[in-house]
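Trainee: I would like to go through this model and ask what stands behind each label. Shall we begin?

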Amino acid sequence: QVHLVESGGGLVQAGGSLRLSCAASGMILSVFSSSTMGWYRQAPGKQRELVAQINIDGPTDYRDSVKGRFTISKDNSRKRVYLQMNSLKPEDTGVYYCRLRSRSYGTDYWGQGTQVTVSS
């Protein structure tokens, strides 16, 4: 059974940094390596939105509001994906979710989320 576990959230002042980590289990390495990984966030009363995505061969995409501040990376050998968040703003506050889109299984998997709170 596939599991995704996020960690690294917390409370930080505006301008600070956090590094989120998402660990995948229940799949062999080749399945993870052939998956697209994404970080989403959901603020109170708002819809979940895509923050960053890293595709199978490495290309990345970011929503405009985080470009230049956030960096997504993937460690296939450890079956982990990271989100380095710098220059955090109060509007970055929300629950951050990791999503794995498996080409092998033809489905998406989600983690339980980790709370990020940025104080002004």
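**Labels and their grounds**

Mentor: Start with R41 and D92, whose side chains meet in a salt bridge at 3.0 Å, N to O. The pair links distant parts of the chain: R41 lies in strand β4 (residues 35-42), D92 in the loop between β8 (80-85) and β9 (94-102), 51 residues apart. Keep in mind that this is a predicted model.

Trainee: Why is the contact of R41 and D92 called a salt bridge?

Mentor: The label needs a side-chain nitrogen of Lys or Arg within 4 Å of a carboxyl oxygen of Asp or Glu. R41 and D92 come to 3.0 Å, N to O, so the label applies. In general, side chains of opposite charge can pair when their charged atoms come close.

Trainee: Are R41 and D92 buried or exposed?

Mentor: Both are buried.

Trainee: What makes R41 count as buried?

Mentor: Its relative accessibility is 5%. Buried means under 20%, so R41 qualifies.

Trainee: Which salt bridge does R41 form with E49, and how is E49 classed?

Mentor: The R41 and E49 side chains meet at 2.8 Å, N to O. E49 has a relative accessible area of 25%. That lies between the 20% and 50% limits, so E49 is partly exposed.

Trainee: How do you know that D108 and R101 form a salt bridge?

Mentor: Their closest N and O atoms are 2.9 Å apart. The cut-off is 4 Å, so the pair counts. D108 is partly exposed at 29%, and R101 is partly exposed at 40%.

Trainee: Where is T36, and what makes it buried?

Mentor: T36 is in strand β4. Its relative accessibility is 12%, under the 20% limit, so T36 is buried. Leaving aside neighbours within four places in sequence, T36 is in contact with Q53, I54, N55, I56, R99, L100 and R101.

Trainee: Why are β1 and β7 said to stand at the edges?

Mentor: Take the sheet first. Its 4 strands form an open sheet in the order β1-β3-β8-β7, with antiparallel pairing. β1 (3-7) and β7 (70-75) each have a single partner strand, so one side of each is left without a neighbour in the sheet. Neighbouring strands of this sheet are turned by 15 degrees against each other on average, direction ignored.

Trainee: How do you know that β1 and β3 pair?

Mentor: Pairing takes at least two bridges. Here 5 bridges join β1 to β3 (residues 18-25), and the two run antiparallel. H3 stands opposite S25 in β3.

Trainee: What elements make up the chain?

Mentor: There are 1 helix and 11 strands. From the N terminus on, they run β-β-β-α-β-β-β-β-β-β-β-β.

Trainee: What makes the chain as compact as a globular protein of its length?

Mentor: The radius of gyration is 14 Å, close to the 14 Å that the globule rule gives for 120 residues, so the description holds. The C-alpha trace spans about 40 × 25 × 25 Å along its principal axes.

How values were computed: Residues are numbered from 1 along each chain as its sequence is written. This is a predicted model: local features need pLDDT of at least 70, side-chain atom pairs count only at pLDDT 80 or more; totals for chains, interfaces and linings use all residues. Side-chain values use heavy atoms; hydrogens and water are left out. Buried means under 20% relative accessible area, exposed over 50%, partly exposed in between (1.4 Å probe, protein chains only). Axes are lines fitted to C-alpha atoms, for helices over the stretch in contact, and angles run from 0 to 180 degrees between N-to-C directions. The radius of gyration is taken over C-alpha atoms; the globule rule is 2.2 Å times the number of residues to the power 0.38. Contact means heavy atoms within 4.5 Å.
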